[in-house]
Amino acid sequence: MVDPQPSKGYPVKILCILGSPSPAAWSRRLATAVADRLRVHDCEVDLLDLRDLPLAMLDTEAYGRGGVYPHEGARELRARVAAADGVVLATSVFHSSYSGLLKSALDHLEADAFENKPVALLANAGSERGATIACEHLRSVVKALSGWAVPMQVASSQADFDQETGQIKPGNVVRRCEIMCDELVKFIEAFSSLRVPR
Ligand SMILES: Cc1cc2nc3c(=O)[nH]c(=O)nc-3n(C[C@H](O)[C@H](O)[C@H](O)COP(=O)(O)O)c2cc1C
């Protein structure tokens with residue numbers, strides 16, 4: 001396991017954005033497990049469940065004007081992204097892509113929002129294949145936001161969870177979560193010289 005050195009004298013901060021509209025989402029369980037794993041790395045994890053964020057429809061005129069965006073939910077999202085050294089995007093899959101809830105949130109960010117920020121991707125679908133496609137779609141969006149998606153991603157389906165406890169079953173998904181967290185921390189350390197001190 002990678003041992004993160006908080007080289008700038010403060011802990012590594014990771015924003016984990018949960019993008020499922022379902023209150024019982026498996027992707028939320030996955031994201032929570034990833035957050036726990038990142039805490040083992042001594043990271044500070046900020047969990048942002050988009051179900052709890054009051055986001056209005058994207059105001060393209062205000063977006064185009066720049067400056068202070070007039071809608072509070074989007075301002076909160078932007079501030080939490082800005083405060084993070086790295087980001088985890090967790091999504092459910094609908095019609096072969098990531099959720100509209102997550103897309104709507106990401107649309108509120110400015111094009112440099114993920115600059116110098118490594119990003120980890122995880123998706124849950126009816127099938128692992130659907131989740132893999134959603135992660136690939138998210139890679140393009142991360143690039144558009146100037147971010148760096150780490151190579152490992154986690155694609156799961158309901159079959160990867162114990163239906164009684166909700167825990168991830170031991171095996172491939174757990175291993176991929178571990179590798180992805182290691183990569184995220186390693187990439188954040190590699191980018192640390194570019195970080196603006198908080
Ligand atoms: C409208 C809708 C479309 C869906 N489309 C797909 C799909 O294209 N591929 C797939 O594998 N699963 C699909 N699913 C299944 C969901 O991905 C599945 O319910 C999953 O558990 C959602 O993730 P969550 O539990 O993290 O919210 C769809 C479900 C709904 C409600």
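**Close-up views of a predicted protein model**

**View 1. The shell around the ligand.** Sixteen is the scale here: of the 16 residues around the ligand, S27, S92, A125, G126 and G130 come nearest. A residue counts as near a molecule or strand if its C-beta atom, placed from the backbone, lies within 6 Å of it. Helix 1 (26–40), strand 3 (86–94) and strand 5 (118–125) are the elements that each give two or more residues to this shell. Strand 3 supplies the largest share, three residues.

Residues are numbered from 1 along each chain as its sequence is written.

**View 2. The whole protein, for orientation.** Six helices and six strands make up the protein, and from the N terminus on they follow the order β-α-β-α-α-β-β-α-β-α-β-α. The radius of gyration is 16 Å, close to the 16 Å that the globule rule gives for 198 residues, so the protein is as compact as a globular protein of that length. That radius is taken over C-alpha atoms, and the rule is 2.2 Å times the number of residues to the power 0.38. Helices (H or I, at least four residues) and strands (E, at least two) are DSSP runs, numbered from the N terminus. Along the principal axes, the C-alpha trace spans about 50 × 40 × 25 Å.

**View 3. Strand 1 and its partners.** Strand 1 (residues 13–19) is mostly covered, with six of its seven residues buried. Buried means 20 or more other C-beta atoms within 10 Å of the residue's own, exposed means 12 or fewer, and partly exposed lies in between, with C-beta atoms placed from the backbone. Strand 1 pairs in the parallel sense with strand 2 (residues 44–49) over six bridges, and K13 has E44 as its bridge partner in strand 2. Six bridges also join strand 1 to strand 3, and these two run parallel; C16 finds its bridge partner, V88, in strand 3. Two strands pair if DSSP finds at least two bridges between them.

**View 4. E183 in helix 6.** E183 lies in helix 6 (residues 172–190). With 17 C-beta neighbours inside 10 Å, E183 counts as partly exposed. Leaving aside neighbours within four places in sequence, E183 is in contact with V150, P151 and M152. Contact means that the C-beta atoms of two residues, placed from the backbone, lie within 7 Å. The C-alpha atoms of E183 and A149 are separated by 10.0 Å, although the two residues are 34 apart along the chain.

**View 5. H95 and S96 in a loop.** H95 sits in the loop between strand 3 and strand 4 (97–98), and S96 is found in the loop between strand 3 and strand 4 too. Phi is near 45° for H95 and near 65° for S96. Most residues other than glycine have a negative phi. H95 counts as exposed, with 7 C-beta neighbours inside 10 Å; S96 is exposed with 11 other C-beta atoms within 10 Å.

Terms used:
This is a predicted model: local features need pLDDT of at least 70, side-chain atom pairs count only at pLDDT 80 or more; totals for chains, interfaces and linings use all residues.
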